[in-house]
Amino acid sequence: MFERARKGLRQQLGTQMMSVATVALALFCMAGALLVLENAGAMVRRWGAPVKVTVFLAEGATVDQVDSLRRALAALPEVEEARYVSAAEARQSLSAGGDRTVATAPVELFPATIELRLVPSAVSAERVASVALRVRRIPMVSEVETYRGFTERLRGLLVGGRAAAGVIALGVLLCVFAVVSNTVRMSLAARLREIEVLRLVGATRSYIRGPFLIEGAMLGGAGRSWR
Amino acid sequence: MGRSRVSNNFRPHFRPDGHFDSAAAHKPILVLENVMKVFRADAPVLRGVDLTIERGEFVFVTGPSGAGKSTLLKLIYKAETVDEGRILFCGRDIARLTEDSVPHLRRNIGVVFQDFRLVPYWTVFENVAVALQVMGLPPRVIRSRVAVALERVGLDGRGDEKVSVLSGGEQQRVTIARAIVTEPAVVLADEPTGNLDPVLALDILGLFEEINEGGTTVIFATHDRTLLEVSPRRLVVIDDGRCIEARAGLAGLGGVLDHGISIN
Ligand SMILES: Nc1ncnc2c1ncn2[C@@H]1O[C@H](COP(=O)(O)OP(=O)(O)O)[C@@H](O)[C@H]1O
Ligand SMILES: [Mg+2]
């Protein structure tokens, strides 16, 4: 009985090793895919929501008006910081790259703005949009830029990446399933002939079962000690 | 469970306790009484087969394919169970055998198939020895008896070869060795030449005849007309679910046989 179990194990060893290696490799790939997926998720959460809003001011707004507007905006829960950028400052920051044309252009060409830095990740794109809509109705505001196009594109990209990672993970899972079931079927098919022959020559049920139980116990034990 | 029985006397010990029925030795080896087997209600395969086979007989079972030859043999080694009627093996009704007794019945019946049914990754020796190992015989006895069986089928000294590399004819010899190594009372052969070319088929038939000359009852199912013509023996034709007998062999049947197997 032990002799038969030993023979069976030796017979199956190649197939077993192959399937174990394949499954390990596949699981490794899937772990990688899931890691990418997880990181992509974090990135979408980090970058997917708008972090910056620029409020363009209409010409002719007084300094007092602008300052009270700035304070009102800073008081919004979504806003971490509101900073007034005068036309001159805007010209300076835009010409910081060394562009002489910009540096010498008349200051009226550059709009005064209030730069809003938003509370990171606490703000959804929808809420920012509604804030922008409300701010735009204020008479001294000419335009509100939420950089929506950019964040939307980024978000779309990352969501796409996440979906691809999900598909990969699913594919790997299917492959693992196919390999395992195929290995089991193959070794079972080989053993079925053995069982058929044993039954044919008058083996009792316990005689047929015995080696399989021993083999199972040995494989299980080997698996546990390996881990 | 296993008994070290090396004698030539047939001792039917179907029961796990190896109970020996001395009266069984004087009864016909096989009696089929009104045996019915129905897989599909609209087309019963066997509908009332009556057949008596004496110890030491060689019987051909024939009929067109699908007539129920294989089914008849399966009923005898209890791969299938009769729906009605009785099958007496040495006087004992095998329909009444319990699950536990079936292996003990099988040890008294050698079976040979068209498709060999060998374990391809076992050696010749292992494929033959398995029939004795299940009986729990000691390895020394197994070695000598397998050697004798291999010699009888013309494969002496080839025990270490893997069966998967043997030719069809050689593989069939291995299965015959496996069937006779236990010295069973009966050998059932289900189209054993079906996968072999005509010359090999005649060789294999000759082997079964030798086995029969040693006193073993042989039931040989085939629809190969040539074999029936070469060997004028008792012929049982399954036709329309019943058995038609022709003790004088092929010639004695004439029209019935033509009707029965010329379809093939
Ligand atoms: N297990 C089964 N289930 C259903 N039908 C079967 C089964 N075994 C055999 N048959 C049917 O019984 C008939 C006889 O089959 P078989 O005994 O194999 O014929 P033969 O060996 O004479 O060619 C066939 O029609 C076959 O389809
Ligand atoms: Mg058949």
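## Strand pairing in chain A

Two strands pair if DSSP finds at least two bridges between them. In this predicted model, strand β1 of chain A, residues 52–57, pairs with β4(A) in the antiparallel sense over four bridges. One position in this pairing is Thr54(A), whose bridge partner in β4(A) is Glu145(A).

Strands β1 and β4 belong to an open sheet of four strands in chain A, with the order β2-β3-β1-β4 and antiparallel pairing. Its edges are formed by β2 (79–85) and β4 (141–145) of chain A, each of which pairs on one side only. On average, neighbouring strands of the sheet are turned by 20° against each other, direction ignored. Helix α2 of chain A, residues 63–74, packs on this sheet and touches β1, β2, β3 (113–118) and β4 of chain A. The direction of helix α2(A) makes about 165° with that of β2(A).

## Overall features of chain B

Chain B has 264 residues, of which 54% are buried. The chain contains eight helices and 10 strands. Among its contacts between residues at least 6 apart in sequence, 72% join residues at least 24 apart. Chain B exposes about 11000 Å², and carbon and sulfur atoms supply 48% of that area.

## Surroundings of ligand 1

Ligand 1 is surrounded by residues of chain B that include the run Pro64(B), Ser65(B), Gly66(B), Ala67(B), Gly68(B), Lys69(B), Ser70(B) and Thr71(B). Phe39(B), Val45(B) and Glu80(B) also take part in surrounding ligand 1.

Ser70(B) contributes a polar side-chain atom, which lies 2.7 Å from an oxygen atom of ligand 1. On its own, ligand 1 has 560 Å² of accessible area, and the protein covers 59% of this.

## Asn212 of chain B

Asn212(B) lies in helix α6 of chain B, which spans residues 198–213. Asn212(B) counts as buried because its relative accessibility is 10%, and the cut-off for buried is under 20%.

The side chain of Asn212(B) reaches the backbone oxygen of Thr216(B) at 2.9 Å. Leaving aside neighbours within four places in sequence, Asn212(B) is in contact with Gly56(B), Glu57(B) and Phe58(B), as well as with Thr217(B), Val218(B) and Arg233(B).

Conventions
Residues numbered from 1 in each chain as written. Chains lettered and ligands numbered in written order. Predicted model: local features only at pLDDT ≥ 70, side-chain atom pairs only at ≥ 80, totals over all residues. Heavy atoms only, no water. Helix = DSSP H or I, 4+ residues; strand = E, 2+ residues; numbered from the N terminus. Buried < 20%, exposed > 50% of the residue type's maximum accessible area, 1.4 Å probe, protein only. Contact = heavy atoms within 4.5 Å. Areas by Shrake-Rupley, 256 points an atom, 1.4 Å probe, with all protein chains shown as cover. Axes fitted to C-alpha atoms, helices over the stretch in contact; angles between N-to-C directions. Near = heavy atom within 4 Å. Polar contact = N/O pair within 3.5 Å; in protein donor to acceptor, adjacent residues only side chain to side chain.
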